[in-house]
Amino acid sequence: MRAVLIVAFFALLAEVSLGFHGQGLAAPGRGSAFIATAATAGRSAAAPRTTPPAMVGNAACKPCHQGIYDSYARTAMARTSGPAFPPLEGSFRHAASNVSYRVYRDGRTARLSYERVDGAPLRGTLELKYYVGSNSRGRTFLFDIEGFLYQAPINYYAARNVWDMSPGYAQLQAMELNHPVDSTCLFCHASRVQPVRNGTVNGFAGVPFLQDGVACERCHGAGSDHVKRAGPMVNPAKLAGERRASICVQCHLEGQARIARAGRSEQDYKPGDLLSDDLAIFVRDDDAEERRGAVSHVESLALSLCKRKSGEALSCITCHDPHVQPGAREKAGYYRPKCVGCHAPKADGHYQQERDCPVCHMPRMDSADVGHTVVTDHRIVRTPSVGRSAPRPVGRLVPFGGGPADARDLGLAYGEVALRGDALAVGEALRLLEVARQRNPDDADVLTRLGYLHQASGDMATAERYYEQALKRDPDRAVAAANLGVFYASRGMVREAVDLWRTAFQKNPQLSEIGVNLGRELCEMGDAEGARAALQRVLTHNPDFPVARQELTDVAQSGCPRK
């Protein structure tokens, strides 16, 4: 039997990159952690209305708030996504894959061309539809194939003024175009994000988002009542404690894992609510002391002496007005009053030759998780350190903000860390998820993750049982279907395997190995036309996938004699 275990991770949006890549079993990746079942979490906010207010877009705010509208439109948050045209133009060659890339204008269209001359020939062009990233740190691009949205494998890094591969792609020896962009990936870079088609990860029926960038309503709440003068907007400055912090945390704290509460998703969060009702965010114990990630500002600030002594009096908006982004020449004068507001005795006599407080106390340094980028150290250190922190094992996970952790959420968090190769996390994930399964045997997230972890540990019988249970609860679990199909095929249950793979691949063409497995089995069943169609679709979505190219060549040369 030639069926192979599939290789796939669902993508998660980072500051300038959406993608992660992996080798091994089909894995319920970071994006899939946001899909939950069995609604059990109650809201801490007031009970929802029968007909909640709707999003109306930034343009509806402009007539009454012209000055704020114009100022905000110039900020990085407002510009963090939009149409790809006109594109940043440039080109470079990626040495590991020997692929040359070029981003350019073609009339009124932005395009990405790719080509490999030496080795396995490769050439193609994609229409770039959207950009992601304000270009403060960098920018990447999105494209679609058959209505499925993907991330381009290249980034422009503004701080270094260079084109290079996206994080996670640098060492790849083949070009990968099949890194999907789902609604959770777009959550912090676009607004009014549309739902994906049923059963798909990244299949959008139309445009994936209706409002470029981070919209006014992402912080102030839906505005349909307000524009009719029928209700107020949320003012973050008037919120207390965690409700105020939640507005920033929704995007500015990635942590080691972000796990949707059972029955919830991050899309359910509304300004003024507690984000923790919808999402559990886990960080490594003392992570902020060791490494500064691209979105770890909240974690670092929480560690600072300023925050620990000030409590709720200090928040993100103490220093940052989201509606204003001072220019490089204005920053020192803009931020110094924020500091001396609390440190007035130092205003006159402290280090007169340097008026820019952050230069010494919030230095910029290389990001620990995104190359070619720098981050501001929000620990507000008394004596700055230099250099880039070295990675180390994740170790113990704790909920950000403290408090007890639910076994389900913490188990899924350790399971997510295990996907990234942390062997120590596997045992803790298995222990906690088994507790969660006993409490709720219908949780498809828990069942799928347990199946994967047992499979990775070599316990195929238990893995098969959990995959079957997960698919009974949710037939659209592509990872469970992919790996369960391998178990079936290895035992001669070929038609059952083909049925699983055909359905999963129809809705998830980014999972190339499902298509290869499907093509192989169809060929062995004598269905040459079906085999060619499956393999050609793999190469449509992932044209540099060598296994699919070889299989398609074999079908063309030898046909598919029934065995």
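Q: At what angle do helices H15 and H16 pack?
A: In this predicted model, H15 covers residues 460-473 and H16 covers residues 478-490. Their axes sit 9 Å apart, and the angle between them is about 130°.

Q: Is H15 parallel or oblique to H16?
A: The packing angle is about 130°. Angles over 145 would count as roughly antiparallel and 65 to 115 as roughly perpendicular, so the label for H15 against H16 is oblique.

Q: How many residues of the contact of H15 with H16 are nonpolar?
A: On the H15 side you'll find Met-460, Ala-463 and Leu-471, among others, while H16 brings in residues including Ala-480, Leu-484 and Phe-487. The contact also has one polar and two charged residues. That leaves the nonpolar group, with a count of nine.

Q: Which residue in E3 is the bridge partner of His-94?
A: Strands E2 (residues 90-94) and E3 (residues 99-106) run antiparallel and are joined by five bridges. Phe-92 stands opposite Tyr-101 in E3. For His-94, the partner is Val-99.

Q: Which residue in the hairpin of E2 and E3 takes a positive phi?
A: Four residues lie between the two strands. The one with phi near 60° is Asn-98.

Q: Which strands stand at the edges of the open sheet?
A: The sheet has four strands, paired antiparallel in the order E2-E3-E4-E5. An edge strand here has a single partner, so one side of it is left without a neighbour in the sheet. That describes E2 and E5.

Definitions and conventions
Residues numbered from 1 in each chain as written. Predicted model: local features only at pLDDT ≥ 70, side-chain atom pairs only at ≥ 80, totals over all residues. Heavy atoms only, no water. Axes fitted to C-alpha atoms, helices over the stretch in contact; angles between N-to-C directions. Parallel < 35°, antiparallel > 145°, perpendicular 65-115°, else oblique. Contact = heavy atoms within 4.5 Å. Nonpolar A, V, L, I, M, F, W, Y, C, P; charged D, E, K, R; others polar. Pairing = 2+ DSSP bridges.
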